[in-house]
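Here's a quick run of questions and answers to go with the structure below. Have it open while you read.

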Amino acid sequence: MTTPRSDAPLTRRAAEILVRESVETGRLGRAGAERLAASLGHAAVRGAVLEGAFESKRRVKGDVITFSRNVFIPLTNLCRDRCSYCTFAKPDDSPEAKTYTLDEVAAVVRAARGMGCTEALFCLGDKPEKAYASYRRLLAARGFGSTAEFLVHACDVALAGGMLPHTNAGVLSRDEMAALRPVNASMGLMLETTSPRLRGKGMPHYYAPDKEPARRLRMHEEAGELRILFTTGMLIGIGERPDERVDTLLAIRDLQERFGHIQETIIQPFHPKPGTPMRAASARTNEEIAGWIGLARLVLGPDMNLQAPPNLAPDALEALARTGLNDWGGVSPITLDFINPEAPWPALDTLRQRTEATGQRLLERLPIYPEDVISRPHFLAARVRQRVQALRDSNGFARASAASTATFRQAPDAPGRPAQAPAETEIGLA
Ligand code: SF4
């Protein structure tokens with residue numbers, strides 16, 4: 001009898017045994033995850049992972065996939081970091097550099113409420129005041145000492161305007177998160193990767209001190225201590241190895257086990273973009289992305305909310321819907337995905353039809369999940385709780401409104417263009 005080589009791909013049978021055990025126990029250990037990860041390129045192994053992951057999802061999440069109707073507010077697109085794959089961040093002398101005023105935020109919020117949106121997604125660069133004197137002067141002229149302070153006021157405007165803010169502003173200190181908590185339903189930071197290797201010379205995070213994994217892990221921990229519902233995720237395809245992806249997933253699971261505040265994990269494929277140092281990098285295939293969503297489900301367990309953005313794999317929505325994910329994330333009927341502006345959102349009606357084609361239902365949630373709406377009000381500040389009460393239905397999902405029902409059937413006129421909204425110059429969408 002010959003002994004299989006240790007680097008030989010798993011057989012389908014061996015993969016099925018590992019998968020079955022993880023589905024039954026609700027967890028997959030490092031050794032098993034690394035073995036499956038190393039063979040995920042083989043269709044037979046990937047098939048076993050996906051079947052198990054879909055079953056695991058259905059056991060707890062049922063036949064539902066959710067989304068959040070949001071508006072994307074890139075409060076400032078200045079950033080002190082320079083990640084090799086990013087087109088969002090602009091230098092302060094770029095004609096595309098943009099920092100919103102609070103009046104512009106209010107205008108976007110009004111337009112978004114008119115379209116039935118409930119989530120104000122504040123996504124912005126990391127601590128631009130540390131890099132740009134012109135931006136420091138702009139903040140000072142408006143009476144703010146930091147981006148975080150400015151952000152608190154912007155979230156307050158959104159909350160007062162009837163929306164639930166969700167902030168993703170890069171690495172924030174404990175005090176900054178504590179100041180943002182009273183005006184945010186949830187916050188987030190993509191962990192991206194736990195690999196410090198990617199901070200090395202010639203690697204994508206060399207010029208990005210805020211991408212130091214230890215800094216990002218610390219913020220996740222502090223958010224847990226502050227009882228902030230928190231979104232995290234893994235970025236796939238920026239040079240990390242399969243074992244490093246497994247390590248990232250295990251770190252997320254560890255955070256959830258210690259603090260219980262991880263409301264969702266996003267599995268996000270990297271898309272190479274023209275004009276960036278990584279423009280020639282190869283894009284990930286839909287098969288690879290599907291396999292990793294499935295493996296994430298097995299590692300993170302059936303209770304985790306697992307999300308993949310539908311605009312980043314528009315040809316594979318039905319396949320992705322069978323990977324074990326239970327959420328499509330924020331989908332906007334009014335603004336584009338400013339991080340991936342080349343990738344338009346699917347029309348909500350299309351997303352519903354393609355979800356239903358897999359035997360599942362599409363339901364609209366708030367920026368937080370129904371189970372947290374119902375059972376974890378102590379994670380929400382009083383004002384936020386009141387707003388949640390006004391926007392939720394009896395099951396903790398988003399309450400249907402006249403605007404949301406009407407716009408569900410309406411595709412945007414053009415991707416990312418506001419429909420029935422103020423003129424682009426008025427609300428700062430360049
Ligand atoms: S930290 Fe974010 S916004 Fe800044 S350069 Fe990196 S990816 Fe872009």
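Q: Is Glu 192 buried, partly exposed or exposed?
A: This is a predicted model, so everything here is computed from it. Glu 192 sits in the loop between β4 (186–188) and α8 (213–225). The cut-off for burial is 20 or more other C-beta atoms within 10 Å. Glu 192 has 24 C-beta neighbours inside 10 Å, so Glu 192 counts as buried.

Q: What is the phi of Glu 192?
A: Most residues other than glycine have a negative phi. Glu 192 isn't a glycine, yet its phi is positive, at about 70°.

Q: Where is Lys 127 found, and does it count as buried or exposed?
A: Lys 127 has a positive phi of about 45° although it is not a glycine. Its place is the loop between β2 (119–123) and α5 (133–141). Because it has 22 C-beta neighbours inside 10 Å, Lys 127 counts as buried.

Q: Which classes of residue make up the shell around the ligand?
A: Among the residues surrounding the ligand are Cys 79, Cys 83, Cys 86, Phe 88 and Ala 89, along with Asp 81, Arg 82, Asp 126 and Asp 210. Sorted by class, the shell has six nonpolar, two polar and four charged residues.

Q: Which residues is Arg 215 in contact with, leaving aside its neighbours within four places in sequence?
A: Arg 215 belongs to helix α8. It has 13 C-beta neighbours inside 10 Å, which means it counts as partly exposed. With those sequence neighbours set aside, the contacts of Arg 215 are Val 171 and Asp 210.

Q: How many Å apart in space are Arg 215 and Leu 138?
A: In sequence, Arg 215 and Leu 138 are 77 residues apart. In space, C-alpha to C-alpha, the separation is 27 Å.

Q: Are α1 and α3 roughly parallel or roughly antiparallel?
A: Helix α1 (residues 12–25) packs on helix α3 (residues 43–61) at about 20°, with axes 9 Å apart. Angles under 35 degrees count as roughly parallel. That makes α1 and α3 roughly parallel.

Q: What is the handedness of the crossing of α1 and α3, and how do its contact residues divide by class?
A: α1 passes α3 in a right-handed crossing. The contact includes Ala 15, Val 19 and Val 23 of α1, and Ala 44, Val 45, Ala 48 and Val 49 of α3. By class, it comes to seven nonpolar, three polar and four charged residues.

Q: What is the orientation of α2 to α9?
A: Helix α2 (residues 30–38) packs against α9 at about 140°, their axes being 9 Å apart. Only angles over 145 degrees count as roughly antiparallel. That makes α2 oblique to α9.

Q: Which classes of residue make up the contact of α2 with α9?
A: From α2, Arg 30, Ala 33, Glu 34, Ala 37 and Ala 38 take part. They meet Pro 242, Asp 243, Arg 245, Val 246 and Leu 250 in α9. The contact divides into six nonpolar, no polar and four charged residues.

Q: How are α9 and α10 oriented to each other?
A: The axes of α9 (residues 242–259) and α10 (residues 286–300) come within 10 Å and cross at roughly 40°. The crossing is right-handed. At that angle, α9 and α10 are therefore oblique to each other.

Key
Residues are numbered from 1 along each chain as its sequence is written. This is a predicted model: local features need pLDDT of at least 70, side-chain atom pairs count only at pLDDT 80 or more; totals for chains, interfaces and linings use all residues. A residue is near a molecule or strand if its C-beta atom, placed from the backbone, lies within 6 Å of it. Ala, Val, Leu, Ile, Met, Phe, Trp, Tyr, Cys and Pro count as nonpolar, Asp, Glu, Lys and Arg as charged, and the others, Gly among them, as polar. Helices (H or I, at least four residues) and strands (E, at least two) are DSSP runs, numbered from the N terminus. A residue is buried if 20 or more other C-beta atoms lie within 10 Å of its own, exposed if 12 or fewer, and partly exposed in between; C-beta atoms are placed from the backbone. Axes are lines fitted to C-alpha atoms, for helices over the stretch in contact, and angles run from 0 to 180 degrees between N-to-C directions. Angles under 35 degrees count as roughly parallel, over 145 as roughly antiparallel, 65 to 115 as roughly perpendicular and the rest as oblique. A crossing is left-handed if the near helix is turned anticlockwise from the far one by less than a right angle, and right-handed if clockwise. Two residues are in contact if their C-beta atoms, placed from the backbone, lie within 7 Å.
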